[in-house]
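Biologist: I'm new to this one, could you show me the model and talk me through part of it?

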Amino acid sequence: MNFLYNQNPKNKIKATRANGKYIYIGGKKLLDLSNASGSLLLGHTSLVYKKSLNKLKNIGSNYSLMNTYVENYSLMLKKIFPEYSKFIMCATGTESNMKAMRIARAITNKNKIAMVSGSWHGSVDELLYTGMDNKCKTKKNLSAGLANSKNTILIPYNNFTTSKKILDKNKKQIALLIIEPIQQSMPFKESEEFIKLIHKYCKKNNILLCFDEMISGMRLPELSVYKKLRTTPDILTFGKIFGGGVPIGIIAITKKIENLLNKNKQSVFFGGTYSLNPFSSYLGLNTIKYIYKNKKKIYNKLETMSEVLVTQLNNFITNNNLDLKIIRYSSILRIIYSDKNLKNKFEKDLFENKKTKKINRFKKYIYDNNIFLSKNGAIFLSYQNSMEDIKLILKIFKSGFKKFLT
């Protein structure tokens with residue numbers, strides 16, 4: 001049982017506050033390597049966040065109708081992502097993925113949704129599945145209480161040959177293929193070819209494509225995976241960083257999709273009490289404007305720190321013949337507890353499940369040395385980190401690797 005993440009409520013860790021690059025848990029001050037699952041590119045309580053909070057008191061409270069803050073944010077998003085004509089605001093990332101599927105079904109009159117095993121799309125019943133094998137012949141549900149999965153088609157990540165065979169059998173019934181293009185479970189550059197092939201296949205076979213860029217959106221120097229690879233999907237969903245520290249979800253649709261929606265006899269329902277939240281829109285707008293204006297210095301710093309951390313840890317791993325490695329896609333980092341050339345989360349889990357005790361001892365050691373590593377092991381650096389932090393992480397991780405993972 002993982003000491004940090006067991007199911008006994010009395011033993012669960014509880015954070016009390018966070019500031020800058022630190023999170024406070026059970027009276028301990030820890031260097032936070034999670035930053036709210038990658039949401040806080042600027043770190044906790046950034047200057048932008050604090051200034052925005054001071055001005056929010058003048059807004060009043062939520063209006064539950066279109067407002068100038070949502071309108072201004074949409075204009076800014078259009079400037080950054082001009083390939084999209086309309087931005088639909090939602091309360092959460094999960095909600096944006098639910099509504100993306102609704103859009104696809106409405107304009108295609110098809111029911112099936114294809115998803116990529118290992119991708120995470122939030123708490124959406126139809127997407128809480130993963131493959132039980134490397135060819136996705138059988139599904140495993142990730143939660144009790146899910147609806148029937150008959151309309152969910154699963155394809156393997158980084159295996160286009162098998163994915164194509166599955167898609168070929170179902171392509172006439174698929175309303176949407178949704179993919180987290182760079183999965184936080186396996187964030188490596190080798191995935192780019194698979195993403196391009198999936199994009200090309202969907203375009204050729206008239207299947208709507210959605211990129212779930214909750215994590216990769218605004219975390220890359222190119223600002224998104226689709227911009228970096230020049231593979232514009234029909235629908236794009238954002239969240240995390242775009243809320244500036246509070247919940248938000250955003251659906252971006254191309255002009256083609258917008259026109260099809262307008263022609264639809266029955267309108268698609270997008271409503272929700274907090275779907276047009278002036279608070280998250282104002283805070284998100286200020287955060288994104290700051291990142292966009294200062295993108296060169298922000299991303300140069302993140303790229304430099306990430307590269308130093310990954311390179312030095314991997315050199316240490318090689319020199320000590322350890323069975324693990326660190327992979328990264330920009331400033332999305334992850335420890336893989338195997339040195340094999342793994343292609344997807346299924347393969348990763350096969351190896352890591354054999355090392356659960358060792359991994360948990362390593363995580364406990366990290367925690368005891370005042371560094372917070374999230375349950376899933378993903379590392380997200382923030383702009384508030386420094387090279388001194390990188391030196392500390394290197395010191396503690398190297399020591400932990402040698403003590404517990406040899």
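Predicted model: local features only at pLDDT ≥ 70, side-chain atom pairs only at ≥ 80, totals over all residues.

Biologist: Is strand β10 mostly covered or uncovered?

Modeller: Strand β10, residues 208-212, is mostly covered, as five of its five residues are buried (under 20% relative accessible area, 1.4 Å probe, protein chains only). L208, C210 and D212 point one way from β10, whereas L209 and F211 point the other way.

Biologist: And in which sense do β9 and β10 pair?

Modeller: Strand β9 (residues 174-179) pairs with β10 in the parallel sense over four bridges, where pairing takes at least two DSSP bridges, and I178 stands opposite C210. On its other pairing, β10 joins strand β11 (residues 235-238), also in the parallel sense, over three bridges, with D212 opposite T237.

Biologist: Changing topic, what volume does the second largest pocket have?

Modeller: Its volume is about 540 Å³, the space filled by probe spheres set on grid points joined across faces, edges and corners. A pocket here is an open set of points on a 1 Å grid where a 1.4 Å probe fits, with protein on both sides within 12 Å along at least five of seven lines, and lining residues have an atom within 4 Å of a point.

Biologist: Which residues lie nearest its centre?

Modeller: Of the 33 lining residues, A36, S39, G239, K240 and I241 lie nearest the centre of the second largest pocket.

Key. Residues numbered from 1 in each chain as written. Heavy atoms only, no water. Buried < 20%, exposed > 50% of the residue type's maximum accessible area, 1.4 Å probe, protein only. Helix = DSSP H or I, 4+ residues; strand = E, 2+ residues; numbered from the N terminus.
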